[in-house]
Amino acid sequence: MSEQQGPDIHTTAGKIADFERRTAEATHAGSQRAVEKQHAKGKLTARERVELLLDEGSFTELDEFARHRSVNFGLEQNRPYGDGVVTGYGTVDGRPVCVYSQDFTIFGGSLGEVYGEKIVKVMDFALKNGCPVIGINDGGGARIQEGVVALGLFAEIFRRNVHASGVVPQISLIVGPCAGGAVYSPAITDFTVMVDQTSHMFITGPDVIKTVTGEDVGFEELGGARTHNTTSGVAHHMAGDEKDAIEYVKALLSYLPSNNLSEPPVFPEEADLETSDDDRELDTLIPDSANQPYDMHSVIEHVLDDGEFLETQALFAPNIITGFGRIEGQSVGVVANQPMQFAGCLNIDASEKAARFVRTCDAYNVPVVTFVDVPGFLPGTSQEYDGIIRRGAKLIYAYAEATVPLITVITRKAFGGAYDVMGSKHLGADLNFAWPTAQIAVMGAQGAVNILHRRRLAGAGSDQEREELRATLTQEYEDALLNPYAAAERGYVDAVIMPSETRRHITRGLRTLRAKREQLPPKKHGNIPL
């Protein structure tokens with residue numbers, strides 16, 4: 001046989017050579033020009049992303065030689081291996097994960113029948129084996145040439161996203177375009193990470209919007225990473241580049257279990273519970289003036305191991321803080337009001353952000369520690385018209401439904417219904433602590449006095465007398481009701497503690513609550529006020 005004809009594929013040597021040729025072709029399925037264009041945009045290829053995410057040498061590819069079956073629209077002349085998506089499994093920090101990575105260099109990363117089947121297969125594999133699924137999205141939506149088949153496969157993916165929800169962690173990286181129906185898979189997953197300036201998500205693009213509504217909007221303003229991290233709340237983190245995005249995903253995985261039947265990774269480290277100088281810094285944190293803000297991040301970092309806190313949705317609804325940390329090497333989720341933003345008031349966005357986070361922690365066996373400084377719900381017609389009643393109730397539902405260990409610390413204000421909502425004893429929190437600076441009441445002293453003593457104040461002689469009377473009544477109200485001891489008398493607060501003792505009390509509480517067992521009433525599922 002001549003050298004030009006190659007080895008005989010009917011021999012063992014020929015079959016090996018044919019396999020090596022096909023493997024090389026599959027590994028470099030996108031054209032060199034397309035790859036260069038991808039790199040010119042500051043973007044990695046599908047395989048480069050997988051290599052960056054997984055431990056070196058751990059990736060096992062599935063369906064490497066799959067090819068699309070369409071014989072219409074001229075596609076039969078271009079049937080690259082892989083069909084535009086790389087799928088398989090490997091490890092991250094030694095723990096198994098499944099991954100799919102869309103390849104923009106092949107058909108623009110658009111989803112067709114075989115492409116969709118590959119993703120469905122790897123998701124089923126993850127569900128059977130109880131390991132997280134990482135989806136790397138960089139595609140142009142449904143493949144037009146394949147018609148309704150492409151739409152059908154999108155729905156197959158969505159159904160598996162739903163069935164896997166709360167069973168195995170699902171994380172979506174958006175590292176390019178993600179448009180139309182394709183956005184709903186990331187929307188169902190637990191966390192969505194975007195890259196500044198290169199990621200875009202939207203249902204309808206700028207051209208369609210301009211045609212239908214007349215609005216003139218650009219890609220970045222409409223669906224860029226900053227928009228979805230600050231305005232819509234669709235994304236959980238905005239990365240500076242793809243490497244930063246992948247590092248954030250790895251960090252997230254380190255706080256989550258492989259599935260709902262296992263526990264998060266533990267790094268055993270017995271805490272020194274002696275009060276330290278760092279702990280004592282909390283004793284002077286709360287300002288004398290109830291209206292003066294302070295940074296709740298300082299409280300959180302004083303309690304967590306090494307002060308390390310991985311925040312989620314940091315740019316969205318900043319009046320509430322959510323994220324992960326460790327106490328004695330064990331994962332905890334943190335929810336906290338932020339007095340630096342809207343005085344720590346709860347609004348629609350903050351309620352939904354915190355509710356989703358609490359439910360995520362509960363699904364994956366991560367205890368929740370809550371820090372409370374909340375003057376109430378944000379007033380205003382826009383909040384009422386947009387459904388603060390229904391949407392704020394989601395946070396009540398999340399806490400009341402949670403069966404993981406729940407510890408709540410009231411640092412300052414806990415007024416009105418917002419006191420109830422923020423992990424109160426009445427919603428099922430296991431341990432509730434309050435600092436001596438805590439103010440637990442229906443409302444603040446001034447508002448209460450104006451209502452309770454309206455007639456006495458109106459009957460005061462001069463303005464000066466009225467103000468003196470108001471100050472006296474306000475002081476009486478604060479002494480009688482606006483302190484943590486009234487709540488402690490009734491057992492609504494388990495202990496009033498020095499701020500410097502917070503770390504010790506939370507640590508001891510979590511040690512005791514590790515064996516917590518709680519069951520909800522049997523039911524198909526609840527009816528959360530969506």
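K250 and E247 sit three residues apart in helix α10 (residues 242-255), so about one helical turn separates them. Helices here (H or I, at least four residues) and strands (E, at least two) are DSSP runs, numbered from the N terminus. This is a predicted model, in which local features need pLDDT of at least 70 and side-chain atom pairs count only at pLDDT 80 or more, while totals for chains, interfaces and linings use all residues. Residues are numbered from 1 along each chain as its sequence is written, and side-chain values use heavy atoms, with hydrogens and water left out.

**Salt bridges**

- Side chains of opposite charge can pair when their charged atoms come close.
- A salt bridge is a side-chain nitrogen of Lys or Arg within 4 Å of a carboxyl oxygen of Asp or Glu, and by this rule the count comes to 26 salt bridges.
- K250 and E247 form one of them, with their closest N and O atoms 3.9 Å apart.
- E247 is partly exposed, at a relative accessible area of 47%; buried means under 20% relative accessible area, exposed over 50%, and partly exposed in between (1.4 Å probe, protein chains only).
- E146 forms a salt bridge with R143, where the closest N and O atoms are 2.9 Å apart.
- E146 is buried, with a relative accessible area of 11%, and R143 is buried too, with 2%.
- E401 pairs with R359 in a salt bridge whose closest N and O atoms are 2.5 Å apart.
- This pair links distant parts of the chain, 42 residues apart: E401 belongs to helix α15 (residues 388-401) and R359 to helix α13 (residues 348-363).
- R359 is partly exposed, with a relative accessible area of 32%.
- Salt bridges that share partners join K43, R49, D138 and E242 into one network.

**Helix α13 against helix α15**

- The axes of α13 and α15 come within 8 Å and cross at roughly 25 degrees; axes are lines fitted to C-alpha atoms, for helices over the stretch in contact, and angles run from 0 to 180 degrees between N-to-C directions.
- That makes α13 roughly parallel to α15, given that angles under 35 degrees count as roughly parallel, over 145 as roughly antiparallel, 65 to 115 as roughly perpendicular and the rest as oblique.
- Residues of α13 in the contact (heavy atoms within 4.5 Å) include A355, V358 and R359, and those of α15 include L395, A398 and E401.
- By class, this contact of α13 with α15 has nine nonpolar, two polar and six charged residues; Ala, Val, Leu, Ile, Met, Phe, Trp, Tyr, Cys and Pro count as nonpolar, Asp, Glu, Lys and Arg as charged, and the others, Gly among them, as polar.

**Helix α17 against helix α19**

- Helix α17 (residues 445-452) packs on helix α19 (residues 463-480) at an angle of about 115 degrees, with their axes 9 Å apart.
- The two helices α17 and α19 are therefore roughly perpendicular to each other.
- Their contact involves A445, A448, V449, N450 and L452 of α17, together with R470, L473, T474, Y477 and E478 of α19.
- The residues of this contact divide into six nonpolar, two polar and two charged.

**Two buried strand residues**

- T87 lies in strand β2 (residues 85-92) and is buried, with a relative accessible area of 0%.
- Leaving aside neighbours within four places in sequence, the contacts of T87 include F59, L62, V99, Y100 and I119.
- I136 is found in strand β4 (residues 133-137) and counts as buried at 1% relative accessibility.
- I136 and Y100 are 36 residues apart in sequence, yet their C-alpha atoms are 6.1 Å apart in space.
- With neighbours within four places in sequence set aside, I136 is in contact with R49, V99, Y100, S101, Q102, L173 and V175.
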